[in-house]
Amino acid sequence: MSREGVEHALARLRTDRERISTRLLELNDHLAHRLLKGGALTGVTERRWREADAAITTLWRLFDAYQTVLDRAEELCAGRPGPEELEELTFLITGPSVKTPREDLPLERAGLLGDAGEHVTLAGALTRMSAAFDTATAVVAAADAAWSGLLPRLEAAEKAWQEARAHLAALVPPGAGAPPYGETPEIGRARRLERELDAARALVRGDPLSLVRDGHADTSGLDRLTGEIGALRAVLAEAVRLREGYGERRRELGGRVDEVAVAEEEAAALRARVVGRIANVSPPEVPRLSAALRERLAALDSLRERGRWAELARRAGELERSADDALRRVRAVRDSAGGLLDRRDELRGRLGAYRAKAARLGYAEDLRVSELHRRAHDLLWTAPCDLRAATAALAEYRRALGGEGAAR
């Protein structure tokens with residue numbers, strides 16, 4: 001090679017060296033690379049990281065050998081290279097001048113002399129470095145993508161667990177194991193979820209690549225776990241609120257039960273009135289639910305004494321819903337019965353309006369019209385009132401007024 005050719009080649013090689021150095025430093029500083037290098041890896045991720053780590057080691061050794069050759073070439077080119085120096089420079093730049101690193105083989109494969117490596121050109125070394133770099137970055141990028149999807153979900157699950165555990169600590173004194181704070185469904189559930197969270201934490205941090213499906217992190221397990229922890233957190237939070245305001249909550253529930261009892265008495269009285277005043281009807285019986293609700297209310301005190309706050313909160317919510325449902329059922333019976341009296345009163349009002357119409361038309365003295373009015377009036381003002389007969393009599397009275405009016 002001529003001196004000019006050598007200088008041109010060295011300029012290109014220097015540029016390549018700077019670019020390689022930059023990419024190697026970027027790889028070394030990558031967060032996923034640091035996590036892989038310092039983590040307690042398992043499973044699929046451990047196996048793939050071993051391959052990537054070996055590729056990175058080879059990459060750095062090749063780069064060191066590459067730089068050694070390039071440094072020697074720059075040293076020779078710094079003076080005024082003669083024919084011998086140009087011949088050596090030609091060999092360094094184009095010949096097999098780079099000694100590849102010796103492969104660290106196990107004893108049974110190394111042989112007596114071991115692996116002495118081989119010599120390749122600078123271009124060949126660059127090709128091998130590119131292949132090793134691709135192997136390493138593929139694993140680092142895959143781990144980075146997996147952690148990017150998994151770690152935020154894990155963080156959400158851990159945050160929900162910390163909040164749930166704080167609520168549980170507020171309900172169960174430290175070291176309490178005997179009644180009234182013995183094993184409860186919520187404590188057992190919390191222990192199970194804590195074990196699942198520990199297992200998920202170890203899997204996400206130690207083997208994220210095992211959770212990759214079709215190139216994307218499968219977060220369904222973490223999402224389910226976060227949902228279960230969130231549900232437990234809500235139950236425990238409600239239990240804490242109930243413990244802090246149990247007296248007021250109990251009075252509120254007692255008031256609802258009293259409201260059901262009052263509604264039952266009112267509905268029963270109205271039903272009796274309807275049965276006595278409306279003939280040929282049988283309104284639905286009034287459901288008697290307040291007594292059972294009072295028993296459930298009293299049972300809350302027993303749970304309170306045993307420290308079963310989560311169960312107490314659940315039963316208090318169920319009691320509230322039952323009381324609301326009972327009140328709706330009682331009011332439905334009351335409204336059904338009251339509707340019969342409303343119907344009678346409506347018919348009475350219509351009869352008065354028709355009588356006024358008869359007077360305006362000049363039929364106040366008409367015997368037939370008067371007889372129809374008297375019959376409808378007697379039916380509507382006689383107890384018990386036959387609504388069906390009264391409705392028919394009123395319709396006949398209205399038709400009589402309409403027919404007579406049309407004839408005039």
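Visitor: Where does the largest share of the lining of the second largest pocket come from?
Guide: This is a predicted model, in which local features need pLDDT of at least 70 and side-chain atom pairs pLDDT 80 or more, while totals for chains, interfaces and linings use all residues. Residues are numbered from 1 along each chain as its sequence is written, and side-chain values use heavy atoms, without hydrogens and water. Two helices (DSSP runs of H or I, at least four residues), α1 (3–29) and α6 (122–171), each supply at least two lining residues. The largest share, five residues, is from α1.

Visitor: How many residues of that lining are charged?
Guide: The lining includes D16, R19 and R23, as well as L24 and F133. Asp, Glu, Lys and Arg count as charged. Beside six nonpolar residues and one polar residue, the charged number three.

Visitor: Is W60 buried or partly exposed?
Guide: W60 forms an aromatic pair with F63, at 6.4 Å centre to centre and 75° between the planes. Both lie in helix α3 (residues 43–78), three residues apart. Buried means under 20% relative accessible area, exposed over 50%, and partly exposed in between (1.4 Å probe, protein chains only). F63, at 3%, is buried, whereas W60 has 31% relative accessibility and so counts as partly exposed.

Visitor: Are the rings of Y246 and W309 stacked or edge-to-face?
Guide: Y246 lies in helix α9 (residues 246–277) and W309 in helix α11 (residues 309–361), 63 residues apart. Rings pair if their centres lie within 6.5 Å; planes under 30 degrees apart are stacked, over 60 edge-to-face, and the rest tilted. With centres 6.1 Å apart and planes at 75°, this pair is therefore edge-to-face.

How values were computed: 1 Å grid on protein atoms, 1.4 Å probe; cavity = no way out; pocket = protein on both sides within 12 Å on 5 of 7 lines; lining within 4 Å. Phe/Tyr/Trp six-rings, centres within 6.5 Å; stacked < 30°, edge-to-face > 60°.
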